[in-house]
There are 2 protein chains.
Amino acid sequence: MEQRTIRPRIADVAREAGVSKTAVSFAFNSPDRLAPETAVRIRDVAEQLGYTPHPVARMLTQRRTQTIGVLTPQALSVIFSNPFFGAFSEGVAGAAEESGYGLYFISPLRGSLARAMSRATVDGVVAIGLSDDHPEVEQIRRAGVPIVLVDSTALPEHGSVEIDDVGGARAAAEHVTGLGHRDVLVIGVEPPVPSLAMDPDGVTSRRLRGYREGFAAVGMTIPDERVVVGPASIEGGIAALNRAWEDGLRPTVVLAMSDAMAIGAMRALRDLRLTIPGDVSVVGFDDIDLAPHVDPPLTTVHQPIRRKGAEAVRLLLTVVQRRDQANPEHRRLETRLIVRDSTGPVPAPRHEEVAGANH
Amino acid sequence: MEQRTIRPRIADVAREAGVSKTAVSFAFNSPDRLAPETAVRIRDVAEQLGYTPHPVARMLTQRRTQTIGVLTPQALSVIFSNPFFGAFSEGVAGAAEESGYGLYFISPLRGSLARAMSRATVDGVVAIGLSDDHPEVEQIRRAGVPIVLVDSTALPEHGSVEIDDVGGARAAAEHVTGLGHRDVLVIGVEPPVPSLAMDPDGVTSRRLRGYREGFAAVGMTIPDERVVVGPASIEGGIAALNRAWEDGLRPTVVLAMSDAMAIGAMRALRDLRLTIPGDVSVVGFDDIDLAPHVDPPLTTVHQPIRRKGAEAVRLLLTVVQRRDQANPEHRRLETRLIVRDSTGPVPAPRHEEVAGANH
DNA sequence: TATCTTCACTAAACCGGTTTGCTAAACCGG
DNA sequence: CCGGTTTAGCAAACCGGTTTAGTGAAGATA
């Protein structure tokens with residue numbers, strides 16, 4: 001019946017209080033420029049009218065939005081299915097809130113990240129997993145907003161936060177080779193856009209390099225056929241492991257690049273009537289909160305997820321607030337292997353070994 | 001050295017292309033009002049200048065932001081520590097993306113949710129767990145933006161999505177009473193703001209009602225001393241259980257109102273050298289993705305988390321897009337008990353029973 | 001008493017777009 | 001060849017605020 005109440009504008013308050021728009025603006029933003037009683041009166045009128053400054057108009061004149069964006073090259077609905085991202089967001093949100101910034105999530109709009117970016121009203125962006133071979137990276141950068149990259153170092157002119165992927169992965173590999181394992185399956189995370197070749201600077205490549213270094217130390221290589229990728233979720237892990245299994249791979253250890261995938265892999269292995277770590281050992285990556293609580297408690301590479309998010313925001317805010325793009329900071333956080341119960345010594349060769357598999 | 005490049009404005013494009021601002025605007029928004037070749041020329045110039053319409057200015061004139069907000073009464077950094085919220089966000093994000101809407105997270109700004117709200121540039125809000133006894137709820141509603149409530153029915157003039165909390169909780173209680181349990185500990189989720197009394201319409205109250213109904217069926221009551229609350233996280237569960245234990249409670253079953261808390265409780269119980277479900281049974285609530293994978297697989301009340309988020313967005317968008325506040329829709333989604341391995345028959349009375357505890 | 005400040009407030013320009021109302025030229029049928 | 005319609009594009013108003021550059025009166029200074 002009654003149409004939505006039109007929100008009062010600054011002019012309404014001005015008229016009602018018998019002052020100019022300027023005075024109303026002052027009453028809110030610099031009350032000291034008004035006689036105290038005038039300021040109070042104006043704010044009373046505003047309160048009573050239910051007036052509140054229109055945030056969009058305010059953004060326009062102040063030329064800033066007090067908002068930072070979190071840019072993800074994949075749909076949020078897939079990103080959020082990885083528990084890692086929840087923890088990362090926790091770090092981002094904590095640092096943003098602390099500085100009074102709002103949080104806006106930017107993900108591809110009708111297939112285009114650049115389009116989503118141009119729609120976004122943010123003062124700066126934390127981009128997670130945006131590799132420099134992303135087809136739209138140039139357009140995104142041309143938007144001219146400050147960017148901090150997480151998990152991709154490729155663009156040195158922007159600040160960045162990364163972790164020691166290679167070191168962490170190597171430690172994982174050394175751990176399992178030390179247990180006698182030689183037959184490995186690597187489960188990697190799918191790059192957001194199917195590039196022609198695998199981005200050599202992406203997380204997957206870096207961690208793979210670490211795994212290979214670890215195996216190289218005992219004179220082993222990890223052939224490409226032993227590497228399978230999928231989305232970083234439980235489902236992705238299940239699918240990846242089953243695919244490998246159907247391809248005839250019979251690893252004694254699975255190195256997964258995300259805990260969610262590791263958990264999925266464990267599920268799939270169990271469904272194949274295998275025990276962990278009796279028949280197959282599994283190592284994850286991330287050390288999400290739940291890693292110690294799954295069955296069995298997951299051996300994994302710990303990374304400081306929350307801190308990664310928080311640091312990224314702090315880096316971003318220094319350039320946003322100082323308008324100072326010069327010599328951006330690159331920060332690398334440490335990783336470390338956490339040995340729990342999903343890894344154990346290589347099992348004695350099984351009788352019913354499948355012909356032709358893994359030598 | 002070089003200051004940040006000033007982004008080109010519509011007037012720059014107009015001048016460069018030798019047309020009016022109007023023409024440029026048309027070239028982007030209604031190209032059919034221009035001669036085809038003119039439209040193309042203008043867009044070429046724009047492209048070459050790196051022009052992209054200023055999103056804030058556009059919002060101002062179009063009087064809409066193409067963004068929806070997710071309102072949480074607690075800090076995002078605490079909200080995100082509950083895996084439930086990741087899944088919920090997944091649902092929200094999926095539905096929002098599908099309709100071309102951006103996602104903005106609104107959480108208290110310097111202690112005030114209303115302040116955060118007035119800063120937020122959104123066309124509508126999905127409010128999760130906003131009870132009507134929240135001190136700022138009136139101010140928030142006065143902002144006049146469409147709101148859909150999730151997990152709180154208290155404001156019938158807004159659309160809402162809820163679940164059958166009572167039924168789910170009752171089923172959980174019936175399950176454990178059926179196993180012979182009588183000594184219960186309820187672990188509830190802390191309301192966002194410490195109200196004077198417990199909000200009778202909050203999730204915690206509703207689920208507690210369900211538990212009580214289940215126990216009432218076997219002639220038992222759950223006294224208030226058997227109910228302890230805390231933040232809905234693993235840590236919160238650990239703390240809650242330990243607190244109860246120190247208070248001398250020795251339950252044979254723990255009913256937790258969130259899986260995260262249930263997992264925390266299991267951890268704490270193990271650290272007390274108790275087995276699950278041998279010594280103590282545990283039931284969760286939510287059925288997060290990881291619930292089947294923890295040790296032991298968690299018996300819990302399933303709720304359609306993603307769908308809850310998606311439905312809320314869809315409800316919101318119908319009122320946002322139709323500008324139609326009339327007879328808002330209230331949707332209730334089903335819950336169901338999923339029995340896994342964290343519950344079992346009540347154990348035979350232990351020898352070393354602590355004097356004075358639980359009869 | 002004349003001039004200089006300070007104080008309290010305002011009119012107008014501006015932020016960067018979109019939209020409305022209009023005009024001049026091209027087109028069209030009779 | 002003339003009046004009527006369409007087409008292509010423009011000037012100006014507008015969205016809802018903030019900020020700049022004053023203005024007039026009161027108080028301070030010489």
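In this predicted model, 100% of the interface residues of chain B are interface residues in chain A as well, so the two copies meet through the same surface.

The arrangement of the copies can be described geometrically. Two copies of a chain are related by a rotation about an axis and a shift along it.

Attention now turns to one helix of chain A. Helix H3 of chain A covers residues 36-49, which are 14 residues. From its first C-alpha to its last, H3(A) reaches 20 Å, close to the 20 Å expected at 1.5 Å a residue.

Which residues of H3(A) are buried, and which are exposed on the other side? The table gives both groups.

| Group in H3(A) | Residues |
|---|---|
| Buried | Ile42(A), Val45(A), Ala46(A) |
| Exposed, on the other side | Pro36(A), Glu37(A), Asp44(A), Glu47(A), Gln48(A) |

An α-helix has 3.6 residues a turn, so residues three or four places apart point the same way. Seen down the axis of H3(A), the buried residues fall within an arc of 100° and therefore line one face of the helix. These buried residues pack against two helices of chain A, H1 (10-17) and H2 (21-29).

Just after H3(A), Gly50(A) adopts a positive phi of about 75°.

Conventions
Residues numbered from 1 in each chain as written. Chains lettered and ligands numbered in written order. Predicted model: local features only at pLDDT ≥ 70, side-chain atom pairs only at ≥ 80, totals over all residues. Contact = placed C-beta atoms within 7 Å. Helix = DSSP H or I, 4+ residues; strand = E, 2+ residues; numbered from the N terminus. Expected span 1.5 Å × (residues − 1). Buried ≥ 20, exposed ≤ 12 C-beta atoms within 10 Å, placed from the backbone. Arc of directions from axis to C-beta.
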